[in-house]
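Hi everyone, thanks for coming.

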Amino acid sequence: MKIVAIRSRGPPVEPARTLRELLVRNRDLRLLWLGNLISVCGGWFSSVAVFAMVYAHSGAGLAAGLTLAVRYLPGVLAGLWGGVLADRADRRAVMLAADVVMAALAAAFLLADDPGRLWLVYPLTFASAAAGFVFQSARNAWMPSLARPEEYPLYSAAVQVNGLVFQALGGAAGGVVVTVVGWRWAFVVNAVSFLASAWLTWRVRAGDRFAGSSRQGWWRSLREGIAIAARTRVLAALLLLEAIFCLGLGGTITAMTYLALRVHDLGEGGTGWFYAVQGVVGVATLIPAAARIRAMGPRGRRLVIGLSCLAEGVLTMLLGLPAGVAGALALWGLVSAAEVVYGPAAMTTLLGASGNETRGRITSLWSATATLSLGVSAAATGALLDRAGVAPTFAVLGLLMAAGGVVWLVAVRPSAAQPAMSST
């Protein structure tokens with residue numbers, strides 16, 4: 001009998017200890033990471049362009065807030081059903097289809113570059129976000145299977161750092177492109193980026209592309225995922241924290257846009273400089289933090305979650321104080337540093353409490369909870385900015401985020417951690 005050796009393309013035998021090791025040694029995860037990296041870069045170009053276009057044609061904080069709200073709200077419906085789809089279909093095929101759809105929609109934004117057609121921004125933003133949440137549901141269900149459980153903090157950091165890297169480059173470059181040549185080229189770059197992402201995803205074959213769950217009805221499958229999250233205490237606690245925290249976070253993004261364009265008058269691409277600072281500081285903080293979080297136990301990660309929310313809330317309150325552009329950017333960098341350590345700790349806790357057969361629905365429920373809070377907060381903050389101004393708005397937003405952190409820390413304190421966080 002002839003024995004044929006089969007070379008495994010899965011995760012390495014020994015768990016990676018750093019983010020660099022994970023990406024260097026794991027080819028398939030690296031390909032998905034690179035694809036998402038490219039599409040996120042184009043997405044930040046588009047974000048800068050959309051806000052600049054809306055402010056140029058309307059000049060209202062409420063209009064920008066509604067734009068951000070329309071971007072978030074599809075996560076409630078498309079995200080939830082995307083999670084069900086990810087647990088029923090080929091996750092790779094779902095990602096490929098979503099990338100192609102998002103490329104076409106990104107190019108379609110060119111049609112809205114006129115005051116009389118500005119209304120097209122809202123349906124196009126909604127449709128693009130819906131396709132993006134379906135893509136994200138499939139990615140969040142498939143991509144963790146390319147890593148070992150011990151590497152979940154590094155996997156989470158890899159997903160997060162790709163956004164931060166090109167948030168820095170894409171934000172700054174987007175600001176330059178929008179300021180110098182206008183927003184049309186930003187939308188073209190975004191469309192091309194999604195096609196590049198699809199090509200890289202096509203090259204990946206490994207991982208758990210299918211959940212292996214029973215083919216029950218869609219409604220029953222959705223209800224089952226919600227029931228699992230509700231009766232798993234750590235998942236329920238994380239969902240509650242995410243809802244409270246994101247009520248502040250969503251509005252902070254809207255308020256930052258107002259701060260850049262209306263308070264400091266940085267020009268049409270002004271938000272790009274804030275995004276750039278967030279990306280640079282985020283990467284510098286996240287890479288060493290991910291390795292440290294990997295070495296922690298469950299209790300240490302839960303402590304990081306709460307302290308991150310609390311610190312970001314306090315720093316956000318300070319953003320409303322009078323300061324020059326340099327001071328505002330420096331404080332925004334501190335806010336970013338506090339925020340990025342939340343991701344690896346929270347995602348590792350979430351993945352540790354869910355299995356492959358339900359991962360699509362659980363991660364999508366997490367995303368839907370966040371996006372609902374983000375969308376409501378973004379719309380409300382736009383109106384609050386127009387009525388109350390910057391300082392009271394940042395005070396309210398920071399208080400919400402800090403409150404979530406305090407509630408979480410009380411829930412996981414040593415005397416209460418064991419009964420409150422059991423997953424029975």
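**Starting at a glycine**

Setting aside neighbours within four places in sequence, G225 is in contact with R361 and I362, where contact means heavy atoms within 4.5 Å. Before I go on, a word on the ground rules: this is a predicted model, where local features need pLDDT of at least 70, side-chain atom pairs count only at pLDDT 80 or more, and totals for chains, interfaces and linings use all residues. Residues are numbered from 1 along each chain as its sequence is written, and side-chain values use heavy atoms, with hydrogens and water left out.

Back to our glycine. G225 sits in helix α9, residues 218-231; helices here are DSSP runs of H or I with at least four residues, strands are runs of E with at least two, and the numbering starts from the N terminus. Is G225 buried or exposed? G225 is buried, with a relative accessible area of 3%. For these labels, buried means under 20% relative accessible area, exposed means over 50%, and partly exposed is in between, using a 1.4 Å probe and protein chains only. The C-alpha atoms of G225 and S364 are separated by 9.6 Å, although the two residues are 139 apart along the chain.

At 1.5 Å a residue, the 30 residues of α15 should span 44 Å, and the end C-alpha atoms are 42 Å apart, which agrees. The expected span, by the way, is 1.5 Å times one less than the number of residues. Just after α15, G389 takes a positive phi of about 95 degrees.

The same sum works for α13, residues 325-340: its 16 residues should span 22 Å, and its end C-alpha atoms are 23 Å apart, which agrees. The buried residues of α13 are A328, L329, L331, W332, G333, V335, S336, A338 and V340.

**The cores**

Which residues touch the most other members of the largest nonpolar core? They are L29, Y155, I305 and W366, in a core of 74 residues. A nonpolar core here is a set of buried Ala, Val, Leu, Ile, Met, Phe, Trp, Tyr and Cys residues joined through side-chain atoms within 4.5 Å. Helix α10, residues 233-263, gives the most to this core, with nine residues. Apart from it lies another core of 20 residues, including I253, F274, L319 and W332.

Y155 has contacts with L22, L29, R139, N140, M143, P144, A147, M347 and L351, again leaving aside neighbours within four places in sequence.

**Cysteines**

How many disulfides does a search of the whole structure find? It finds zero, a disulfide being a pair of cysteine sulfur atoms within 2.5 Å. Take C246: its sulfur is 8.6 Å from the closest cysteine sulfur, in C309, so the two are too far apart for a bond. C246 is buried at 2% relative accessible area, and C309 is buried at 1%.

**One more helix, then the whole chain**

M102 is found in helix α5, residues 91-108, and is buried with a relative accessible area of 7%. Not counting residues up to four places away in sequence, M102 touches S128, A131, G132, F135 and F194.

Stepping back, the protein chain has 17 helices and zero strands. Buried residues make up 58% of its 424 residues. Among contacts between residues at least 6 apart in sequence, 85% join residues at least 24 apart. The chain exposes about 16,900 Å², with carbon and sulfur atoms supplying 69% of it; these areas come from the Shrake-Rupley method with a 1.4 Å probe, and for residues only the protein chains shown count as cover.
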